[in-house]
Structures are given as C-alpha cells and as structure tokens.
Amino acid sequence: MKIENQGECVSVSEILELTAANSAHFRDEVRSALSDSSSLIEINLSQTRFMDSSGLGALFALYRATAERDGVVLRLLNPIPEIEQLLELTQMQQLFEIVRR
Amino acid sequence: MPVPQLEPARPATLRLAFAPDLASARAVSVAVRNFLAEQGVSEKELFTYELCIAEASNNAIEYAMGPNRNLKPIAEALFTPSQIELRVTDHTPGFALPERIAPPSPLTERGRGLFLIQSAMDEVRYLRGTGENILVMRKKRRAARSPAGAPEQAPVVQLTLETCQRELTESRAKMAKMSEELLLRSETLSSIFRCCAELGRIDSESESFEGRLLVDLLHLTSADWYVLRMLSPDGRKLLMAAASEPDLATETISLIGADYTPSGIEASVAMSKVAARFDIRENSEQSEPLRAVGPEGAGLVCPLCFGGTLVGTIAVGRRVGDFPLGRLQDEVIRTFAEFLAIQTLNISRQRKEVRNRVVARELEIAKDIQHLLLPRTLPQMAGFGLAGGLQSAREVGGDFYDAIALGDDSLLLMIADVMGKGVPAALFATTMRGLLLGLAERSSDPAQLLSGLNRLLYKELSSVAMFITAQIVHVDLKTQLLTAASAGHCPPLFIPYGSHSVSSLSMQGLPLGVLPDTVYPQMSARMGSPAVLLMYTDGLIDARNSEGEAFGKRRLKSWLLSNSDPGTNAPEQRDRLVAELNRYRGDTAMDDDQAFLLLTEDRAAGTRAAAPGARRSRQSASPLLSPANP
C-alpha cells in the first residue's frame, strides 16, 4: 500500500486486497494521513483483487472521517467489476464518488 | 464430435483446519480460491466463493469465546461441476440464521458478512451443535462449461410459436399428471397414517380398522364397492370379513376340499397369490362370486400377502362402467393390500401373544388355588409316616386329600376328586374338607362320614350337575386295621396281613351328589408289617406314556410292592412315586391331575415308639374283617 499526501489530495494506491487481516491497518494509516488541508481522498482500487466485508467496513470508516470534515470528497478509483458489484449490493456506492479512468 | 461431460461420483474436496487468527483465515480463503481455480471455476465465480469462505472464516474467529478461541476452525470446499459447497466449522456459541437477511444500512461499519453470503449462495444453512456449528453454503452451477479453450456453443433450436405452444401443452399435461400422482400418493400415505394412529389408540375397535381403511381406498381409486375376505385360521377357506354393501357379503369360499377344485376369481387369486382383473361383461362365470356386483361390474382382486404369507383377498371395482385401473391405481390398491396384510398379521400375532399370556397366568392361578386346597401339614404319628403328592394338569382340577388325627393311634384319611374343573371344583373341595372336619367330631366311621357328606353336599352339587368321588379310610395304627368306604372312588391299595402281594379294598358306592340319600358299604382289613397304604385318584392309573398306554392299576400295585421295604420314609417314597409317574409319562402332556396319600410304617412293629397317651382316640375302628353292614 502506498499513501501519497499531495497537499489537498491524499492518494492511496497499490492496495492488493482489503480484508479482515489488513483493513484495520489500512483504515488507521489513511486516517492518520489526513490533515486539515485535505479536501480529496483518492483510493485507487485498480490493483485490489479482493475485498471482504471488513474492507467495506474500513471504507465506511473513511467515509465517516471525511463526512465529519465538510467538503472532503472520498473517491474510489477504478474498482474491478466484482468489487463494484459488492459496493452496489451493499448500497455503499452512494457514499463514494466512483471514478474510472 | 462433442465430448460428453462426466459428473464425478464424488466431489473434489479440500479440507483445512486453521489457526484461529485472521491471517490464517485469509490464507485459507486464498487456498480455497486456488483449489476452485484448479477445478476450472471462472475468475468471477472465484471472487464470490473466496468472499463467502472469508466471511464465514472471519466470523468463526471473531465470535469464538473463552477457551474455544484456541480451537481451530475448519474450512471445506466440495466441488462438482454442477454444485459447489463450502463449509466452515466454528466453535462459537452460534446464532440463529434468519431465513433471509435484509440488506444492512450502508451507514454501518460491520455486520455485512452473512448478508453477503446469503446474497451470493443459493442455499445457506447453519447447523448448530454442542461446542461446534457448521455453516453450509451451496451454489448450483450451470451445466458444466466446455473444456478450456473451446468456444461455448449455444444449442441451436428453432423456436417457433407452434413448438412453444406444443411444449407448453405437454408440460401442463405432465404437471397435471404429476400433481395428480403426488396427491394420490400423499392421500394414500395419510390414510395409512390415520389408520396406524387409530390402531395405536384403540384396542376394542381393531376389528373395524379394515372398514375405515377400505372406505379411503374406494375414495382414492374411484371404485364404488369392495369385498374383503380373510383366510380362515386353518388356511382352507376364505371367510367374508367386510363388504361395502350387504348384498356383496356372500358365503364362505372353500379353497381345499375332497374332490373339489376351487373356482371363482377370489379363490384363484388366493391360490396363486397373483392379482387379477375381472370384467363380468366379458367373463361372467369366472367372476363368481363377485357377480353379485351386477351384470356390468368390473374390478381387481388382489391377494393380501406379506412375506409370502397369504392373509386374505381384497376385491375392488365399479358396478357399472369401466374401472379405470392405471398403473397408479393399481399401485395404490397394492399398497393398501400390503398394509392390510401387515396389520392383520400384526393383530393376530398380538392376540396370540395376549392369549398365551392369559393362559399362562390362569395356569399359575390354578396351581396356586389347587395347592391351597391341600393341608399344609399332615399329621405325623409315631412310628408311621404320611405323605401326599399332587401334580396338577393344565387347568385347576378338583383332586385333593386330607388327613385328620383322631388321638394318637388312629387316623382318618380322605382322598377325593371333584368331577369338574376350575374355581367351582375348588370351592367344593374346600367346603368338603371343612364338612369332613366337622363330621369327624361325631363319627369316624367312613361309611357314615360319606353318607353325611353326600347329604350335606347333594343339593349344591346337583344344582350345578357336579359330583365328587371320594374314599375315606380309617386307620387304627395299633391294630393296623383299615376300615374303608368309597363313593365311586378308586379303591386303596395295601399289603394285607400275612400276604406278600398288594390288594385293594374294592367296594361299591355312588359318588357324592348323585342321589340325595345314599348308604355306603364299608370294609375292613388288617395291614401286614411293615404297613403300607396308598390312596390315589384315577389320574395315576390313567396316566399315559408316549405310546398312549395307561400306567394302570397293575403297574401301580407292583411299584408299591417293590417299594414297601421298611427303612424309607413316606416323603421319600412319595418322591419316588412322583418320579416313577413322570418317568413313565415322559414328554406326554398330563391329561388329569394326579393325587395320592401314602401311609408307611417306619420300622417293624416291635421297634415302634410307644405312643404318648395324652390324646384319646375318639373311636376305635371296627374289628370286622369282612364287609361291614352300613
């Protein structure tokens, strides 16, 4: 996992999986990377091959962290179709800005 | 040429026990994924199965409590081309799995696992046990995919409106037939269950269980009559057991007889044990005696048979018109027939069992009663021994004996046989013993005693057409003089003074209860030394061996002669006589009771101990040696 703090944007990438085994770590790392100047969190899921309900829980925890700060956007970048389906099934797609590029 | 897809007989299986931590659970999910990938499962499906196994494994770890936290959960994957089953065994306290889990709110951090599993799989079950539970997740798979590389081909079917409609009609017809069959089967079953339940509940009405079952049968097969016949216990006849209407209840059908060939359809079904159809319009003769159904009747006769044992026959059918007897109706009737046969056999077995128990219990009671009739102890006189024997046949009989000491030197001995069995005979025996005891206060004369007993018992005996044979012997132990009178009873045996052979004191005399006033002759004789006297009932001499030959008086006499040596006491001799009688009879059943009284002298007369003179003899015996005047 790689976290880049580029001023307003915190960009997270190289996440191979988000599971019960690593999601708490992921959540805490990303949360601690946030600063008052952060207005966008971009989580690049293009390399994420697997996610379970704990991974979803971690994403929700980040959503809550951004929701507490007005105007901060949480963007999920390029999830694989299986994960996108997972987000839809759990109605969580409405919490995030899902972007493909 | 397409390669046929083969379904393996057993699923490919992966089974992993894993350390109870999340990292191990993750490793297990990956292992399951890899295992399924090896089976050729597509990437998209793999994600689903990996997710399900991960959720279940995580739960197994997160919800374990106390020392169970250290137990290893087990993950399993079973693969066949048509189904994938995943299982996770946990050691948690378990939970109640709802039929359907509603989607959780997106605004929660936890609690999505089971929802995801239920959404992804076709069937989810949670089997709760003590200490461990198993979450079973199944998903059906579409028809196996073509081997890797080969393009999937959709079957080419030209669908036209006509073919669609035809197929729809066919399907509907098939469905209707299937549901009819299902309904019929379920009604058959429920009818049988109803019948079973009633059989368990009632015992008094078990006769009519067939009737109730058969009404159900008519309803199910759209028949309008039935005739049930049961095989007679000797297996020679078919007896009418039940019929839907009285006019069908025809007479008994003989199956076996001299110069007799059974005719009629029920007889031939019973003989062959094979079901047969009949139609009176086609073959009126052969349908006998079911012609009573009417000139246009038709139906089926089925043997009631179970395990090769014929119990009866059942005929069902319609009075008018065709009896629709498809495979299904046929099957229903056969099911009923088999069930009826089983139940009938069961009931008859139960009845036999109950009957046997009742007989055994009656026999026990009878033996108890009979032994109550006998004196508990016999008087023991100095220098003499007295012993009695009684062997009961099947029923309680009326054989009994008694002995009354009249002072120290004389004895009154009685043996009797109430002609009749059961409790009435026992009652007379008890009464007679009581009366004798009373009469003996006034007289010790056997003839007078018998007359007295007859007078007192006559009314009661004649009113129930019973009578009693009895023998009374007075024994003067000092003079060894016997005085005897007989009321139609077997004469006593003894060895007379100065003789070396056994004689009997034979006298005429009517049994008690024949005439109101009867006078009995009496006779006296002196015994030799050592003295021996045997009084007995006819059961002894009438006892038969396996060849049907009676034991007889001669055999009894010769036994007495060879067993009259001094030195053996009366109980020993009694046991010897019982043993001799049993030896003679062998395995042959006893027809009648056997009772006897045996008086023996212990030693030669000179060695006899002097009788203590405390008690006075009430009456000395008549000194007559010839028949006495009554």
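1. Starting with chain A of this predicted model: of its contacts with a separation of 6 or more, 75% join residues 24 or more positions apart. Buried residues account for 40% of the 101 residues in chain A.

2. As for secondary structure, chain A has three helices and seven strands. Reading from the N terminus, you get β-β-β-α-β-β-α-β-α-β.

3. Next, where the two chains meet. Chain A puts 18 residues into the contact and chain B puts in 19. On the chain B side, the elements that give two or more residues are helix H1 (22-38), H2 and H3. Of these, H2(B) gives the most, with seven residues. The axes of helix H2 (residues 43-62) and helix H3 (residues 113-120) of chain B come within 9 Å of each other, and they cross at roughly 145°. What is the handedness of the crossing of H2(B) and H3(B)? It is left-handed.

4. If you want to look at that helix pair residue by residue, H2(B) brings B:Thr48, B:Leu51, B:Cys52, B:Glu55, B:Ala56, B:Asn58 and B:Asn59. Facing them from H3(B) are B:Gly113, B:Leu116, B:Ile117 and B:Ala120. Sorted by class, this contact of H2(B) with H3(B) has six nonpolar residues, four polar ones and one charged one.

5. One residue I'd pick out in chain B is B:Arg87, which sits in strand E3 (residues 83-90). Is B:Arg87 buried, exposed or partly exposed? B:Arg87 counts as partly exposed because it has 19 other C-beta atoms within 10 Å, and a residue needs 20 or more to be called buried.

6. Who does B:Arg87 touch? Setting aside neighbours within four places in sequence, B:Arg87 is in contact with B:Glu76, B:Ile134, B:Leu135 and B:Val136.

Key: Residues numbered from 1 in each chain as written. Chains lettered and ligands numbered in written order. Predicted model: local features only at pLDDT ≥ 70, side-chain atom pairs only at ≥ 80, totals over all residues. Axes fitted to C-alpha atoms, helices over the stretch in contact; angles between N-to-C directions. Helix = DSSP H or I, 4+ residues; strand = E, 2+ residues; numbered from the N terminus. Left-handed = near helix turned anticlockwise from the far one by under 90°. Contact = placed C-beta atoms within 7 Å. Nonpolar A, V, L, I, M, F, W, Y, C, P; charged D, E, K, R; others polar. Buried ≥ 20, exposed ≤ 12 C-beta atoms within 10 Å, placed from the backbone.
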